[in-house]
Amino acid sequence: MNYIELQLTVSPDYTDILTAELAELGYESFVETDEGLNAYITEDEFTETPVGEIVAKYADQTAIAYTFSSLEKRNWNAEWERDYEPIEVADQVRVRASFHSLDARFRYDIVINPKMSFGTGHHETTAMMLQQQLSLDFVGKTVLDVGSGTGILAILAAKMGARSALAFDIEEWAVENARENAQLNDCPQVTVFQGTIADVDPTHRYEIILANINRNVLLAEIPTYVQRLTPGGHLLVSGFYEHDAPDIEQKAHETNLITKDRLVKNQWTCLSFYKQ
């Protein structure tokens with residue numbers, strides 16, 4: 001499958017926002033450049049019209065331009081390795097690639113080779129989810145990771161003592177990548193499948209549910225998550241902007257969840273809830 005490379009010339013202040021907008025359109029990988037941002041999507045999923053609409057949306061706020069071209073299959077790991085640096089979260093978690101050496105100062109060492117998956121820890125939403133996870137007790141718990149990407153959240157849950165962590169994603173390449181990363185981190189309690197929340201056995205209950213997706217999916221699916229959450233269980237969500245947090249909280253409160261904590265970083269938000 002060939003890919004389309006979308007090259008955006010834009011201020012660094014807007015790369016995170018555009019990453020989120022393009023992810024909603026199905027773009028699978030993102031690389032920040034000196035000029036702005038490169039984004040990648042399969043040729044069969046690409047249409048120019050929605051890209052033009054996004055550019056027009058921000059044109060009155062910043063100078064922005066774009067070009068696109070078709071790419072032959074390429075070594076995505078090599079692309080990513082050029083600029084990748086380990087990520088450190090709350091002085092406890094270090095996310096690194098397999099070509100980085102271990103740093104024993106960190107309690108949790110996570111090795112992620114992301115290929116095309118979104119979730120290396122570099123993005124604010126992933127880093128905040130990892131930070132929120134540190135505030136919970138995972139020992140012996142059952143965990144559900146919604147839209148797992150690289151599997152990074154399920155892997156930390158396993159390293160923190162979870163009895164089992166079921167992860168899923170709609171993309172085949174993400175599922176394969178998450179399985180590889182779980183094996184790389186020696187986390188046999190992590191199981192990954194391709195599908196959606198509708199494919200999760202409705203009779204099973206989980207003590208912790210992790211969902212780093214986007215506003216619209218969360219608003220639609222939070223009631224389903226709550227049905228699969230044990231009393232006293234915790235739901236961590238991210239993938240949305242600070243101005244969307246009230247809508248997320250309202251939906252959570254409507255389903256008898258109570259807000260426990262929140263983190264905000266560069267306009268992105270992560271919320272922690274528990275079920276009464």
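In this predicted model, four strands form an open sheet, ordered E2-E3-E1-E4 and paired antiparallel. Which strands stand at the edges of the sheet? They are E2, residues 29–32, and E4, residues 64–71. Each has a single partner strand, so one side of each is left without a neighbour in the sheet. From one strand to the next, the twist averages 20°.

Let us take the pairing of E2 in more detail.

I turn now to the helices. Helix H1, residues 15–24, packs on the sheet and touches strand E1 (3–10) as well as E2, E3 and E4. The direction of H1 makes about 10° with that of E3. Helix H2, residues 48–58, also packs on the sheet, where its contacts are with E1 and E4. Here the angle between the direction of H2 and that of E4 is about 160°.

Is Asn-181 buried or exposed? Its relative accessibility is 1%, and the cut-off for buried is under 20%, so Asn-181 counts as buried. Leaving aside residues up to four places away in sequence, Asn-181 touches Val-111, Ile-112, Asn-113, Thr-150 and Ile-155.

Methods
Residues are numbered from 1 along each chain as its sequence is written. This is a predicted model: local features need pLDDT of at least 70, side-chain atom pairs count only at pLDDT 80 or more; totals for chains, interfaces and linings use all residues. Side-chain values use heavy atoms; hydrogens and water are left out. Two strands pair if DSSP finds at least two bridges between them. Helices (H or I, at least four residues) and strands (E, at least two) are DSSP runs, numbered from the N terminus. Axes are lines fitted to C-alpha atoms, for helices over the stretch in contact, and angles run from 0 to 180 degrees between N-to-C directions. Contact means heavy atoms within 4.5 Å. Buried means under 20% relative accessible area, exposed over 50%, partly exposed in between (1.4 Å probe, protein chains only).
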